[in-house]
Amino acid sequence: MSKVEHTPRVFSGIKPSGGLTLGNYLGAIKRWVDMQGPDFETTYCVVDLHAITVWQDPADLRHATRETAAAMLASGINPDTSTLFNQSQVPAHAELGWIFNCVARVGWMNRMTQFKDKAGKNAEKVSLGLYAYPSLMAADILVHHATHVPVGEDQKQHVELTRDIAAKFNHDYKVDFFPMTEPVIEGPATRVMNLRDGSKKMSKSGESDMERINMTDDAATIAKKFKKARTDPEALPDNLEALKGRVEARNLVDIYAGLSDTTPEAVITEYAGAGWGRFKPALADLAVAKLAPISDEMSRLMDDPAEIDRLLAKGAERAEAVAQPILEKTYDIVGLVRSRK
Ligand code: AQP
């Protein structure tokens, strides 16, 4: 088997399952913006088919799909140089997803911690789609032959499963066709935690709005949420080691570092000895300075949904031009007769 060289290509996606959070911004979108440039082809997707693995009101889903695209554009995803589209408009994703359902093993799916977290005690009642979600995610990545996937820490296991699926497919069919995708989990804020409970990650669908910063929150709301964020009575120490076990404090330091493009070490040096009465307002001011221009631009874009749809359609055509030939080659490898080719 000869080794195939794959074009360096980044793929990542975000579910339009509600308003985006600071976790989505720092763990994903901000880093997607940074990866644009000469080193990679970049493809970013609003993964609407993943959103419907849990119930979505149709009108809310339409709104969230356009708003998620608007958030990416407003944050600096350039639709001329990056391919930006919504997943359902490129059917090759779902089609390869089915083939991967036949490659992935039930035992692998049973080990997915995100499914266990999301299904909770209700595993019998959740959708089959929620269970199969990682196999569709593998298809999203591999139908573009993506080599690099920038994600937050919570998605690491799913990218590892993508590698397992690619390896099993290549092995079973004796080909070197799908690349071994690398997860790219970098930066100070790869796992932004819930503001009210530092043991849980910040999520769009978390129960209380006070536990997350939404990308569209106004200045007063951001200040209030950070002010009420759970912490401990201690002041900030002068080194990171001393933050061990203080998960809420560490989370706020990491958020500050992520927003200011610096390291947690630099933040702790700057704020050594500071109490929360000083640190929290500084963090709120920083978050407002970074998020307000983005949310202003999002609302400008949302005033013209037809223009967002036009950009998504253009992106879908570009995505299809990459994905369709890869799907067709997969069909040939598997032995599906393409009688209509
Ligand atoms: N708290 C987080 N910290 C860092 N990164 C995060 N991401 C999500 N939450 C955090 C990253 O954002 C990208 C898109 O995630 P997603 O929307 O597709 O799915 P998710 O990880 O399930 O996000 P949510 O916010 O928790 O959504 P819900 O509540 O609807 O399930 C991914 O790269 C993810 O790592």
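**View 1. Make-up of the shell around the ligand.** In this predicted model, the shell around the ligand consists of six nonpolar, 11 polar and six charged residues. Here Ala, Val, Leu, Ile, Met, Phe, Trp, Tyr, Cys and Pro count as nonpolar, Asp, Glu, Lys and Arg as charged, and the others, Gly among them, as polar. Of the 23 residues around the ligand, Lys 118, Asp 154, Ser 203, Lys 204 and Ser 205 come nearest; a residue is near if one of its heavy atoms lies within 4 Å of the molecule.

View 2. Polar contacts are pairs of N or O atoms within 3.5 Å. A polar side-chain atom of Asp 154 is 2.5 Å from an oxygen atom of the ligand. For Lys 15, an N or O atom of the side chain lies 2.7 Å from a ligand oxygen, and for Ser 203 the distance from a side-chain N or O atom to a ligand oxygen is 2.7 Å. The protein covers 97% of the 640 Å² of accessible area that the ligand has on its own (Shrake-Rupley method, 1.4 Å probe).

**View 3. Elements that supply the shell.** Strand 1 (9-14), helix 1 (22-34) and helix 6 (113-119) each supply at least two residues of the shell around the ligand. Helix 1 gives the most, with four residues. Helices (H or I, at least four residues) and strands (E, at least two) are DSSP runs, numbered from the N terminus.

**Notes.** Residues are numbered from 1 along each chain as its sequence is written. Local features need pLDDT of at least 70, side-chain atom pairs count only at pLDDT 80 or more, totals for chains, interfaces and linings use all residues, and side-chain values use heavy atoms, with hydrogens and water left out.

Note on methods: Polar contact = N/O pair within 3.5 Å; in protein donor to acceptor, adjacent residues only side chain to side chain.
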